[in-house]
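This note is intended for a colleague who is meeting the structure for the first time. The points below are numbered and may be taken one at a time.

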Amino acid sequence: MSAVFGYALWFAQACIAIAMLNGLVRLFIGPAAQDRILAFDSLYMNGMLMLLTLGVSSMSTAYFDMALLIALFGFVGTVALARFLLRGEVIEP
Amino acid sequence: MTTATLPLWVTIPGTVLLVLAGVTTLIGSFGLLRLRDFFSRMHGPSMTNTVAAGATLVTSMLVSSAIAGRPIIHELLITLFVSMSAPITAIMLLQAALYRNKARHTRDVAADGNST
């Protein structure tokens, strides 16, 4: 059964890698700026999931902190970019 | 210590949840890539934000609990943060997209009015 768990881990990592490639394609071809921001949002979320699966496969707890930091700063980045699209500036005077 | 030494109560739910997370991530990213306009495309990554993130975090919680030998719930922090931040991100992106579409429409109408 543990071998099956290893295969499932491999499958999840492969799926997340393909998803990151799709997000990268959308980041490059996205017709408008908001498409690119959406692709960036999905890209950092997939990176967070990839770090979590890496932490499961290496059975170390160091990856968890990195995943938490990615979740925090990715959110800040997406909100700042969306606000820039909406207002033209990030922090209003 | 490798994943081969994990107990059975971790590997059976972990396998199901990891496969679920992988399939959901894949469907969401293909939705992001293939749907036609921006407002349809927003639905794809939200599957990743909810189902895949939740399943992976529960798996991570199970594995780290099995390693430490006691219940570890640190991963609930990420779950809480993602579930709080995803709707805010979606609403701000939607507002930006609506504003930009409206601005472009107004500009086009103004340009047509000047040309005729």
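**Notes on helix packing and selected residues**

1. Val79(A) is placed in helix α3 of chain A. The model under discussion is a predicted one. Val79(A) counts as partly exposed, because 18 C-beta neighbours lie inside 10 Å, while a residue is called buried at 20 or more. Across the chain boundary, Val79(A) touches Ile88(B), Thr89(B) and Met92(B), when residues up to four places away in sequence are not counted. Within chain A, the C-alpha atoms of Val79(A) and Ile37(A) are separated by 9.5 Å, although the two are 42 residues apart along the chain.

2. On the side of chain B, 52 residues are in contact with 47 residues of chain A. Helices α1, α2 (38-41), α3 and α4 of chain B each supply at least two residues of the side that touches chain A. Of these elements, α1(B) gives the most, with 17 residues. By class, the side of chain B that touches chain A divides into 31 nonpolar, 18 polar and three charged residues.

3. Helix α2 of chain A (residues 33-58) packs against helix α1 of chain B (residues 8-34) at an angle of about 165 degrees, and their axes are 12 Å apart. The angle is over 145 degrees, and α2(A) is therefore roughly antiparallel to α1(B). The crossing of α2(A) past α1(B) is left-handed. From α2(A), the contact is made by Ala39(A), Ser42(A), Asn46(A) and Leu49(A); from α1(B), it is made by Ala21(B), Thr25(B), Ser29(B) and Leu32(B). The residues of this contact of α2(A) with α1(B) divide into four nonpolar, four polar and no charged.

4. How do α2(A) and α3(B) cross, and at roughly what angle? Their axes come within 10 Å and cross at roughly 15 degrees; the two helices are therefore roughly parallel to each other. The passage of α2(A) by α3(B) is again a left-handed crossing. Among the residues that make the contact are Leu38(A), Asp41(A), Met45(A), Leu52(A) and Val56(A) of α2(A), together with Pro45(B), Asn49(B), Ala53(B), Leu57(B) and Val63(B) of α3(B). The classes in the contact of α2(A) with α3(B) are 10 nonpolar, nine polar and one charged. Ser42(A), Asn46(A) and Leu49(A) belong to this contact with α3(B), and they also belong to the contact with α1(B).

5. Inside chain B, α1(B) and helix α3 (residues 43-68) pack at an angle of about 160 degrees, with 8 Å between their axes. That angle makes α1(B) roughly antiparallel to α3(B). Here too the crossing, of α1(B) past α3(B), is left-handed. The contact of α1(B) with α3(B) has 17 nonpolar, 11 polar and no charged residues.

6. The largest nonpolar core has 48 residues, and those with the most contacts inside it are Leu49(A), Leu52(A) and Ala67(A). Two or more residues of this core come from each of α1 (2-29), α2 and α3 (62-87) of chain A, and from each of α1, α3 and α4 (75-115) of chain B. The largest share of the core, 11 residues, is given by α2(A). Leaving aside neighbours within four places in sequence, Ala67(A) is in contact with Met48(A), Leu51(A) and Leu52(A), and with Ile78(B) of the other chain.

7. Gly47(A) lies in helix α2 of chain A. Is Gly47(A) buried, exposed or partly exposed? Gly47(A) is partly exposed, because 18 other C-beta atoms lie within 10 Å. Residues up to four places away in sequence being set aside, Gly47(A) touches Met20(A) and Ile70(A). Gly47(A) and Leu69(A), which are 22 residues apart in sequence, are 11 Å apart in space, C-alpha to C-alpha.

8. A last point concerns the backbone. Most residues other than glycine have a negative phi. Met59(A), however, has a positive phi of about 55 degrees although it is not a glycine. Met59(A) is found in the loop between α2 and α3 of chain A. With 16 other C-beta atoms within 10 Å, Met59(A) is partly exposed.

Note on methods: Residues numbered from 1 in each chain as written. Chains lettered and ligands numbered in written order. Predicted model: local features only at pLDDT ≥ 70, side-chain atom pairs only at ≥ 80, totals over all residues. Axes fitted to C-alpha atoms, helices over the stretch in contact; angles between N-to-C directions. Helix = DSSP H or I, 4+ residues; strand = E, 2+ residues; numbered from the N terminus. Parallel < 35°, antiparallel > 145°, perpendicular 65-115°, else oblique. Left-handed = near helix turned anticlockwise from the far one by under 90°. Contact = placed C-beta atoms within 7 Å. Nonpolar A, V, L, I, M, F, W, Y, C, P; charged D, E, K, R; others polar. Core = buried A, V, L, I, M, F, W, Y, C linked by C-beta atoms within 7 Å. Buried ≥ 20, exposed ≤ 12 C-beta atoms within 10 Å, placed from the backbone.
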